[in-house]
Amino acid sequence: LATILDDAGIDVSDVKDAKFSGVSYRVTQPEAGRSIVDGSVTVQRAGGAVTTLISDFDVDVSQATGWTTATLNPAAVAILNDVMGHLLDEVKGGPAATNTVLTFSVSGNSVPADVATNFRYEIKLDLSVLGTITLDVVN
């Protein structure tokens, strides 16, 4: 989190909150006649239960796409926000964040089945940072 804030030119002392705000996905290398059905993404915090982040998504991967916003499971969002809260506390000088390892798993059925598959897609996690900025207004 410290690197993300630094790269964005944000002073950590100006940050009030940092939250997980969404997931998007896109097809980057399409394959004609191919789709993903019953797709899901899960997250597991080290030692914790596997929790579904996205479920039941179907995607036509026969053409490249722009970013598509996924519908999220609030229980998984709570896990991610808990980690973000601990990381923010740490970068603000609080105790070292612990148990910050998250494992994501992606699954789904490639259709048609039993045929070699050759497509690529990306999944992006979005963060929102709430803070204050100072502006100088020139007359």
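Strands β1 and β6 run antiparallel and are paired over 12 bridges. Helices (H or I, at least four residues) and strands (E, at least two) are DSSP runs, numbered from the N terminus. Two strands count as paired if DSSP finds at least two bridges between them. Strands of a sheet pair through backbone hydrogen bonds, either parallel or antiparallel.

This is a predicted model, where local features need pLDDT of at least 70, side-chain atom pairs count only at pLDDT 80 or more, and totals for chains, interfaces and linings use all residues. Residues are numbered from 1 along each chain as its sequence is written, and side-chain values use heavy atoms, with hydrogens and water left out.

Now look at the sheet around that pair. It is open and has three strands, in the order β4-β1-β6, with antiparallel pairing. β4 (68-69) and β6 are the edge strands, and each pairs on one side only. Contact here means heavy atoms within 4.5 Å. Axes are lines fitted to C-alpha atoms, for helices over the stretch in contact, and angles run from 0 to 180 degrees between N-to-C directions.

Buried means under 20% relative accessible area, exposed over 50%, and partly exposed in between (1.4 Å probe, protein chains only). Leaving out residues up to four places away in sequence, L125 touches F20, G22, V23 and F104. S24 is 101 residues from L125 along the chain, yet their C-alpha atoms are separated by 6.7 Å.

A second open sheet has three strands in the order β3-β2-β5, and its pairing is antiparallel. Its edge strands are β3 and β5 (102-111), each pairing on one side only. From one strand to the next, the twist averages 15 degrees. β2 and β5 run antiparallel and are joined by nine bridges. V37 has N109 as its bridge partner in β5.

T51 lies in strand β3. T51 counts as buried because its relative accessibility is 14%. Beyond residues up to four places away in sequence, T51 touches V41, T42, V43, N73, A75, A76 and I79.

Next, the nonpolar cores. Such a core is a set of buried Ala, Val, Leu, Ile, Met, Phe, Trp, Tyr and Cys residues joined through side-chain atoms within 4.5 Å. The largest has 17 residues, and F20, V23, L53, I54, V59 and V61 have the most contacts inside it. At least two residues of this core come from each of β1 (15-29), β2 (35-45), β3 (50-60) and α2 (74-91). Another core, of six residues, lies apart from it and includes L1, A18, M84 and L88. Back in the largest core, pick out L53. Leaving aside neighbours within four places in sequence, the contacts of L53 include F20, V23, L72, L80 and F104.
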